Amino acid sequence: MEFRGVVALLCAGLLLLCSHAAYAADIRFDYKGEKTYARHEKYHFLHRTYINRKPVDLLDQKLLFNEGPDREVISFFSAISMDDPKWWISEWDEQTRNAWGSKNPTHTQLQDMYRYYQRELRHRKLELTDWVVLQHSVWIFLDLTGGDPASGVLHEVLPLVLEGGRWRVSYPDMNSQFYAALKQKIYGKSK
Amino acid sequence: MRKLLQTLKWTLTAALLLAGAPMYAGEWVWPTLDTSEPQTGELTVTTRYVYKLYVAEGAQELPVLDRPAATLETPVDALIARMSALRKLDYDWWLSLWDKRSRELYQEKDRREGRNRDYWLTLWKAQFRDARILVRKKIEYGKYTIFTYSVLSKTGQDIGGGIEFPLVLAKEDGNWKVTLDLRANPLLSESPWYSGIAEKTIQVN
């Protein structure tokens, strides 16, 4: 009786084990090789070149209302020149503003950018060179001129988008493939 | 005069924005310093997505497993677990199969749209409880494995409108999990393995 009980228990355990055993997946596939999907995005834009160029006068305080994307770019560099990081970070898109002061790697990248421009603006002037308008954004091309002749002129581009009725510099756009392509296109044409 | 013109332009921009007009009706915003007249330009940006394609040999039907028997060791294991959870109408199991970030996104979307467990269970009961799932393709794209599958009735009739549904998986803490990482990736929404199209041109504006 005792022996039968032990056997019954063993069988029950075995059944339980079988029902809970991991299923060995056997799905067979034919390998069809490496494929490439090419996606071409075509953009139309309007391009203006700034004329009568000269170094712009920087501001001593932030803009109180929307005065246009190129004025916001001037405000962006004015903030650095005035060494006002709070003002400077307010010039960015919301996602980027939220990354400031956080552990997000964007914070470090922004800090580096701020210090870099701060160094350069000590002996360089800001000149706007090109204006490009797309469906939802404006891209301002600018030069930082003067300074060490060996390092030449610094060419920069800032993409701006409307956010709550104000122009803000878009960090995601600065890291896009489009950014590099547009830069190449405009500089290839006019520089 | 220039100031007046600028004010008029800004008023027009504001009116267009308020009216919800298409933003790119030619020029819709203007510079404040002197510039040349505008010239139109065109730019094409090409992205190439490289992936490995596998096609299921014949009709590969997925089994329905109980939760304790399922594992997440391989992408196929995770696919079987996911489709089992749906057909077993096990909401908690289904929820546990998402990666952390995607689960949060999904739950946030559910909260926003007023959906809950009952909503999903009712849906799955109608769509999946007696359904048979056939695996069609496997796509390896970077760290992701994508499966496509068809949904059939008990009698073998396609009840998914002939569509191959995609499921994206990625490894998290040693387990394969369902992820929403590719939700904004055109490769997934345009599914070249399904459309058969190897190249596409999009007019962005």
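Which side chains meet in a salt bridge, N to O, at 2.6 Å? I began with this in the model, which is a predicted one, and found that the partners are B:Glu27 and A:Arg48. I then looked up the count for the whole interface of chain B and chain A, where the rule finds 4 salt bridges.

Next I turned to the extent of the contact, to which chain B brings 64 residues and chain A brings 56 residues. The area buried between the two chains came to about 6,100 Å², and carbon and sulfur atoms give 59% of that area. For polar contacts between chain B and chain A I noted 36 residue pairs, both residues being at pLDDT 80 or more.

I went on to ask which elements of chain B supply the side that touches chain A, and listed helix 1, strand 1, helix 2 (75–87), strand 2 (132–141), helix 6 (186–190) and strand 6 (199–203), each with at least two residues. Strand 1 of chain B gives the most, with 21 residues. Sorted by class, this side of chain B holds 35 nonpolar, 15 polar and 14 charged residues.

Last, I looked at B:Pro31, which sits in the loop between helix 1 (2–18) and strand 1 (39–61) of chain B.

Notes:
Residues numbered from 1 in each chain as written. Chains lettered and ligands numbered in written order. Predicted model: local features only at pLDDT ≥ 70, side-chain atom pairs only at ≥ 80, totals over all residues. Heavy atoms only, no water. Helix = DSSP H or I, 4+ residues; strand = E, 2+ residues; numbered from the N terminus. Contact = heavy atoms within 4.5 Å. Buried area = accessible area lost by both parts, 1.4 Å probe. Polar contact = N/O pair within 3.5 Å; in protein donor to acceptor, adjacent residues only side chain to side chain. Nonpolar A, V, L, I, M, F, W, Y, C, P; charged D, E, K, R; others polar.
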